[in-house]
Amino acid sequence: MGNCRFIINWCFCFFISGDKGGKKLKKITVYLRFVVFILLLAAPPYVLQSIGKITWLVPKFWALFFLITVFTFMVIAALGLVQRVKPGLYAQTFLATTVVKMLGCMAFALVFVSKIHPDHGVFLANFCYLYFLNTAFEVYVLLCNLRNQN
């Protein structure tokens, strides 16, 4: 029972008030939050796939998931690097990496639709689900970091 309480306290410190532990802990907290976010984001499609609602997912959904996740990780990593090296360029870096992510995702969507020919409504729902929730996480990281600088 004591170990369980320790784990709950540790998780609370990391995910709720993780910004009090210094820069290294803060950076680890962002990456851990990203991992938890990705696991939560992957849960509904995995459940749909496991219960047989495969028509609600486009073919090669996990490739789409992986690509958008990699783009989001690159944005988070670039923000962490810029925050450490030159914090004054944080907002500009966020905007630049978000534009690169948007263009990369649009190019991938064009190739994906032209090569695989998925149902357009299902593709739009899957793409919007992944893209907008990942973008919301990036904005969340931006707001947390800007709030903590003041």
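1. Is L89 buried, partly exposed or exposed? L89 is partly exposed, because its relative accessible area is 39%; buried means under 20%, exposed means over 50%, and partly exposed is in between (1.4 Å probe, protein chains only). You'll find L89 in the loop between α3 and α4. Ten residues separate L89 from L79 in sequence, and their C-alpha atoms sit 9.2 Å apart in space.

2. Before going on, some ground rules. This is a predicted model, where local features need pLDDT of at least 70, side-chain atom pairs count only at pLDDT 80 or more, and totals for chains, interfaces and linings use all residues. Residues are numbered from 1 along each chain as its sequence is written, and side-chain values use heavy atoms, with hydrogens and water left out.

3. How confident is the predictor? The pLDDT, its confidence in each residue from 0 to 100, averages 83 over the chain, and 79% of the residues score at least 70. Have a careful look at residues 1–21, though: there the pLDDT is below 50, and the stretch has 21 contacts in the model beyond near neighbours in sequence (contact means heavy atoms within 4.5 Å). Where pLDDT is low, the predicted coordinates should not be read in detail.

4. Now the overall layout. The chain has five helices and zero strands, so its elements run α-α-α-α-α from the N terminus on; helices (H or I, at least four residues) and strands (E, at least two) are DSSP runs, numbered from the N terminus. Of the 150 residues, 35% are buried. Take the contacts between residues at least 6 apart in sequence: 68% of them join residues at least 24 apart.

5. Buried residues of α4 include Y90, F94, K101 and F112. After α4 comes H117, with a positive phi near 55°.

6. On to the rings: there are 13 aromatic pairs in the structure. Rings of Phe, Tyr and Trp (its six-membered ring) pair if their centres lie within 6.5 Å, with planes under 30 degrees apart counted as stacked, over 60 as edge-to-face and the rest as tilted. F61 and F65 make a tilted pair, 6.3 Å centre to centre with 35° between the planes. These two are about one helical turn apart because they are four residues apart in helix α3 (residues 61–85). Both F61 and F65 are buried.

7. Compare F127 and Y131: their ring centres are 5.7 Å apart and their planes are at 5°, so this pair is stacked. F127 and Y131 are four residues apart in helix α5 (residues 120–149), which means about one helical turn between them. Both F127 and Y131 are buried. K101 lies over the face of Y131, 4.7 Å from the ring centre; a charge sits over a ring if NZ of Lys or CZ of Arg is within 6 Å of the ring centre and within 35 degrees of the ring normal.

8. Last, R33 in helix α2 (residues 23–50). R33 is buried, with a relative accessible area of 12%. What joins the side chains of R33 and Y140? A polar contact of 3.1 Å does; such a contact is a pair of N or O atoms within 3.5 Å, where, within protein, one must be able to donate a hydrogen and the other to accept it, and residues adjacent in sequence count only if both atoms are side-chain atoms. Y140 also belongs to one aromatic cluster with Y31, F34, F37, F73 and F137.

Terms used: pLDDT = per-residue confidence, 0-100.
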